[in-house]
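This report covers the fold and the packing of one protein chain. Please look over the sequence and the model first.

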Amino acid sequence: QMRKREECAGGAKRRKGGKGVQEDSPNYLDQTSVHPECYELAVQIVEDAGVEMADIGSDNFRSSIQRLDPGQYASPGPQVIASLCEPLRYDYRTQFSAPLLKSSTSEEARVGMVTEGRVTNVTQFGAFVDIGAHRDGLLHRSK
């Protein structure tokens, strides 16, 4: 079940209390956007850079990782390097602007309406999507 959640959520990790660093995790990579299936490769990249996992997120860590040649690693190596250089707890969804409806109420939304949205949360029963209304909409997994 855990594996399914990770794949469906694009590698999203459950955080203690729903926010911040997973304090009770024994793995420093849980603070990054590196997918758990790539942890072994990430460890190799960190070793190749000559830095310690405990320094993850520091300026020295990022600059050491950035000095590596991404071309020396097969896919998904370049993506893992990019993820290791991101700030801790980086959420790539923030780079996209939220969809805008004409008003900020859900009155404008209609059944069958097609609109753009930004996934804000993934659950076992579906995904919550920000479409610019007052509340996020539920995209049920059966639909």
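Helices (H or I, at least four residues) and strands (E, at least two) are DSSP runs, numbered from the N terminus. On that basis the protein chain has four helices and three strands. Their order from the N terminus is α-α-α-α-β-β-β.

The model is predicted: local features need pLDDT of at least 70, side-chain atom pairs count only at pLDDT 80 or more, and totals for chains, interfaces and linings use all residues. Residues are numbered from 1 along each chain as its sequence is written, and side-chain values use heavy atoms, with hydrogens and water left out.

Buried means under 20% relative accessible area, exposed over 50%, and partly exposed in between (1.4 Å probe, protein chains only). Of the 143 residues in the protein chain, 29% are buried. Contact means heavy atoms within 4.5 Å. Among contacts with a separation of 6 or more, 40% join residues 24 or more positions apart.

**Helix H2**

H2 spans residues 39-49, and its buried residues are Tyr 39, Ala 42, Ile 45, Val 46 and Ala 49. They lie on the same side of H2 because they cover an arc of only 115° around the axis. The arc is taken from the directions between the helix axis and the C-beta atoms. Glu 40 and Glu 47 are exposed on the other side. The buried residues pack against H3 (59-66) and H4 (77-85). Just after H2, Gly 50 has a positive phi of about 75°.

**Helices H3 and H4**

Two packed helices are described by the angle between their axes and the distance between the axes. Axes are lines fitted to C-alpha atoms, for helices over the stretch in contact, with angles from 0 to 180 degrees between N-to-C directions. The axes of H3 and H4 come within 9 Å and cross at roughly 160°. H3 and H4 are therefore roughly antiparallel (over 145 degrees).

Which residues of H3 and H4 meet?

| Helix | Residues at the contact |
|---|---|
| H3 | Phe 61, Arg 62, Ile 65, Gln 66 |
| H4 | Ile 81, Leu 84, Cys 85 |

H4 also holds Ser 83. Ser 83 is buried, at 13% relative accessible area. Leaving aside neighbours within four places in sequence, Ser 83 is in contact with Ser 33 and Val 34.

**The hairpin**

Two strands pair if DSSP finds at least two bridges between them. S2 (residues 126-130) and S3 (residues 137-140) pair in the antiparallel sense over four bridges. Val 129 stands opposite Gly 137 in S3. Six residues lie between the strands of this hairpin, where Gly 132 takes a positive phi near 95°.

Methods:
Angles under 35 degrees count as roughly parallel, over 145 as roughly antiparallel, 65 to 115 as roughly perpendicular and the rest as oblique.
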